[in-house]
Amino acid sequence: MDKLIKPLRLTILIAFLILMTSIIAVTLYRLQIIEGAEYYEESQNTTKNTVTVAAARGNILDRYGRLLVSNKTCNNLVFNNQELFRQDDPNAIILELTQAVLDSGGTYTDTLPITDEPPFEYVDDMTALQKTRLNAYLEANELPQSTTAVELMAFFREAFMIDNNYTAKEMRTIAGIRYEIKIRYIINTSDYIFAEDVSMDLITKLLEKNVPGFTVQSAYVREYATKYAAHVLGFVRQMTEEEYKEYKNYDYPLNAVVGKEGIEYAFEKYLHGQDGRAVVTSTKEGTVINTTYLEEPKPGDNVTSTIDIGLQETAENSLNSYITGENAAREQQNDSYRAQGLNDKVKDLITGGAAAVVEVGTGEVLALASWPTFDLETMTENYNELETAENSPLYNRALFGLYAPGSTFKPLTALAALSEGVISTGTTIYDAGIFDKYAEQGYAPRCWVYPDSHGTINVTKAIEVSCNYFFYSVGDNLGIDAMSDYAKRFGLGEPTGIELPEKTGNMSKRESAEFYENRSWYPGDTLQAAIGQSFSLFTPLQLCNYTATIASNGTRYRATVLKSVRSCDYSESVYKPEPEVAEETGVKQEYFDAVKLGMYNVANSPYGGTAYNLFGRYPVKIAAKTGTSQIGEGITSNGVFVCYAPYDNPEIAIAVVVEKGNAGGSVGVVVKDILDYYFSFKNSTASLETENSLLK
C-alpha cells in the first residue's frame with residue numbers, strides 16, 4: 001500500500017517554503033533597512049489627494065449635424081491644502097495668488113456673503129445657497145445664527161490666524177478664501193475651484209516665481225460655434241439650492257454646473273456627464289507624478305436639435321436689420337413731425353420682435369428668433385448689464401412674449417363658424433361699415449376700411465381682404481364659448497408641448513373679463529375676440545403651430561426641438577422621438593379649402609390681398625395672414641404675420657411678431673428673408689445629411 005505522504009514531496013515543499021520565506025525576509029530588509037530612509041523621504045515629499053475628475057458635457061448640434069455647442073479644455077487653479085498649510089504664512093500665499101489672478105484679468109471664487117470692505121455687512125442679494133453654507137458654517141463652529149458680519153469677521157481673524165498687520169480689505173480677501181476651503185469640509189460638495197479657465201501666462205508666472213500651495217487641474221468650459229440661437233441653446237451655471245433638491249437624487253454634487261435655460265436645461269439628463277474620481281500623487285512642488293482612477297469620468301450624450309442654424313441666423317439677422325432700420329427711419333420722421341407740431345403722427349419705436357418657424361407635419365421647430373438677443377460667449381461677464389439693458393435682451397419673446405394675434409386669428413373664427421354651421425362656404429355678408437347691433441349699448445365697432453366698404457363677400461374673400469365687419473357678424477352669431485373651444489383645438493392659449501419653458505398665453509373666454517378687469521363679459525368682447533383682440537394673447541410659437549395646423553388640414557403636432565440623442569462617441573442611438581400628434585381638430589376638409597384659399601389670396605391676389613405687394617410675384621406660392629394688433633390708445637400697434645409654404649404642398653409655417661411694428665404687412669420682409677433662405681438652401685441639405693449620416 002502506497003504512503004499518503006512521500007518523503008520526496010515533503011522535502012520539496014519544505015524547501016519551497018524556506019525559499020519563499022527567505023525572499024520575503026530579504027525584500028522586507030531591503031525596503032525597511034537599506035531603502036527605508038529613501039522611501040520615508042519620498043513619502044514626506046509627496047502628497048496624495050482624491051480629486052473629482054470632470055466629465056465632458058455632451059455636444060449640441062443642429063438638425064444637419066453642424067456643431068453648435070461643445071467643450072474646450074481649460075486650466076483651473078486648485079489649492080493643494082496640505083502643501084499650502086505647511087507654509088510659514090499660508091495667508092500671504094493666498095493674497096499673492098488672488099492678486100496674481102486679478103492682475104491677469106481673471107476672477108477667483110469667493111462666495112462669502114459679506115461686503116468686501118468695512119463696515120462689514122451681509123450682502124443684500126445673498127442667495128439661498130450662500131445662506132445654507134453660512135448657516136452650516138455657523139453651526140459647525142457653534143456660533144449663534146444671530147452672529148453679525150462684524151462678529152464673524154472677528155472670528156475669522158482669530159480662527160484663520162490672520163495677522164493684524166493685514167489691512168481690513170486684505171483680511172476680507174483671506175477670510176473669503178479660507179472660508180471657501182473650510183466649507184467644503186463641512187458640507188459634502190465637489191472640489192473648491194479657486195480660479196477657472198486661467199491663462200497659461202498666469203500659470204507660467206506662478207511656476208517661475210515658485211509660488212507654493214496650488215495645483216493646476218484640467219476641466220471643461222462650454223465653447224460656442226455660433227453667435228446665434230442664444231435663447232434656444234441656453235447656458236450653464238452652478239446649480240442653486242432649489243435645483244440641488246432635485247439633482248441630488250442623481251448624485252450631483254452641491255455646486256455642480258447644470259443647464260439653466262434652453263436646450264442646456266431641457267436636456268440636462270442627456271448632456272450632463274458623470275464625474276470620475278482619482279487619486280493624484282504629486283511632489284511637494286505640485287508636480288503630478290501619478291494618477292490612479294477610482295472611477296473613470298463618463299462624458300454626456302450628444303443632443304441633435306431640430307434647429308437649422310442657417311435659418312436661425314437668417315431670422316435673427318432679418319429681425320435685427322428690419323427693426324434697427326425701421327427705428328432709425330422713425331426717429332428721423334418723428335423729429336420732422338415734432339418740428340411741425342404734428343405730435344399725433346409720431347410713432348413709437350419698436351421695442352422687440354420674434355420669429356418662429358415650424359416644419360409642417362412633424363412639429364419640429366426649425367428656428368426661434370428673439371430680438372434683441374445676446375452673445376452666449378460673453379454672457380457671464382456681461383450678465384448684470386444684460387439684466388438691466390433696454391428692451392430686455394435676455395427675454396425670449398418667441399416663447400414668453402404674449403401678443404394679441406389681431407387679424408391672424410380670423411382664419412380660426414372662420415373655421416369655427418363653418419364647422420358649427422353659423423355660415424357655409426357660400427354665405428355672403430354685406431360690409432355695412434359700422435356694426436351697429438349694440439349701438440344702443442354704446443358699442444358700434446367699424447370695419448378698418450370705413451367709410452369705404454368691402455361690399456358683399458363670402459368667407460374666402462373676407463379672409464383675403466381682412467374684413468372686420470364680416471367677422472364681427474360671424475363672431476356674434478358663433479359666440480365666445482364655441483370660439484374658445486376651437487382655439488383650444490388649434491393650440492391657441494395651450495402649451496405647444498415644446499421641451500423648453502414657455503408661456504401658454506390666454507384665449508378670450510367669459511371668465512377673462514372677470515379675471516382681468518373684474519367685470520362681466522359683454523357682447524362687444526365677443527366681437528373683438530373674433531378679430532383677434534379682446535383678452536387673447538399668444539406666443540409667436542403658438543401662432544406658428546396654429547398656422548402649421550391649418551396647413552396640415554387640422555392635425556396639430558406637439559412642438560419639439562429634439563431631433564435625436566446619441567452616445568458621447570456618436571456610435572449608439574440613445575433616443576430618437578417620433579412626431580407626436582397633439583390633437584385632431586375635427587374640421588372638414590372643405591372648410592379648410594375655403595379658408596386656405598383666402599390665405600392664398602392674401603399673398604397672391606392683386607385685388608385686396610394685404611400681402612400681395614411682397615409676395616404677389618414670389619416664385620414659391622404661399623398662404624398668409626397679416627395682423628395689426630392694437631395694444632392701447634395712442635400706442636403704435638404690433639405687427640403680426642403668419643404663413644405657410646408652399647401653398648399646394650406645405651413644408652414650413654412661419655410666424656413673426658414685431659412690437660409696435662405698426663402693420664402686419666410691413667413685417668412681412670422678415671418672413672420673406674426666411675422663405676428666401678429656406679427654399680434656396682433646401683436643395684443642399686441632402687449633401688449635409690449624407691456627410692453626417694451617423695447623426696440620423
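This is a predicted model: local features need pLDDT of at least 70, side-chain atom pairs count only at pLDDT 80 or more; totals for chains, interfaces and linings use all residues.
I started with helix H18 (residues 468-478), whose buried residues (under 20% relative accessible area, 1.4 Å probe, protein chains only) pack against helix H16 (410-419), strand S12 (429-430), strand S13 (456-457), helix H17 (459-465), helix H19 (480-489) and helix H21 (523-530). Contact here is heavy atoms within 4.5 Å; helices (at least four residues) and strands (at least two) are DSSP runs.

Numbering runs from 1 along each chain, and side-chain values use heavy atoms, without hydrogens and water.

I checked burial in H18: 10 of its 11 residues are buried, so the helix is largely enclosed by the rest of the structure. Tyr 469, Phe 470 and Asp 476 are among them.

Next, I looked up the second largest pocket (an open set of 1 Å grid points with protein on both sides within 12 Å along at least five of seven lines; lining residues have an atom within 4 Å of a point). I noted about 620 Å³ of space in it. Of its 30 lining residues, Gly 406, Ile 531, Gln 533, Thr 628 and Gln 630 sit closest to the centre. H18 turns up again, giving two or more residues to this lining, as does strand S18 (623-629). S18 gives the most, with 4 residues.

Last, I looked at H22 (residues 540-551) and H23 (residues 589-604), which pack at about 120° with axes 10 Å apart. Thr 549, Ile 550 and Ala 551 meet Phe 592, Lys 596 and Met 599 there.

Definitions and conventions. Axes are lines fitted to C-alpha atoms, for helices over the stretch in contact, and angles run from 0 to 180 degrees between N-to-C directions. Buried means under 20% relative accessible area, exposed over 50%, partly exposed in between (1.4 Å probe, protein chains only). On a 1 Å grid over the protein atoms alone, a cavity is a set of points where a 1.4 Å probe fits but cannot get out, and a pocket is an open set with protein on both sides within 12 Å along at least five of seven lines; lining residues have an atom within 4 Å of a point. Grid points are joined across faces, edges and corners, and a volume is the space filled by probe spheres set on the points.
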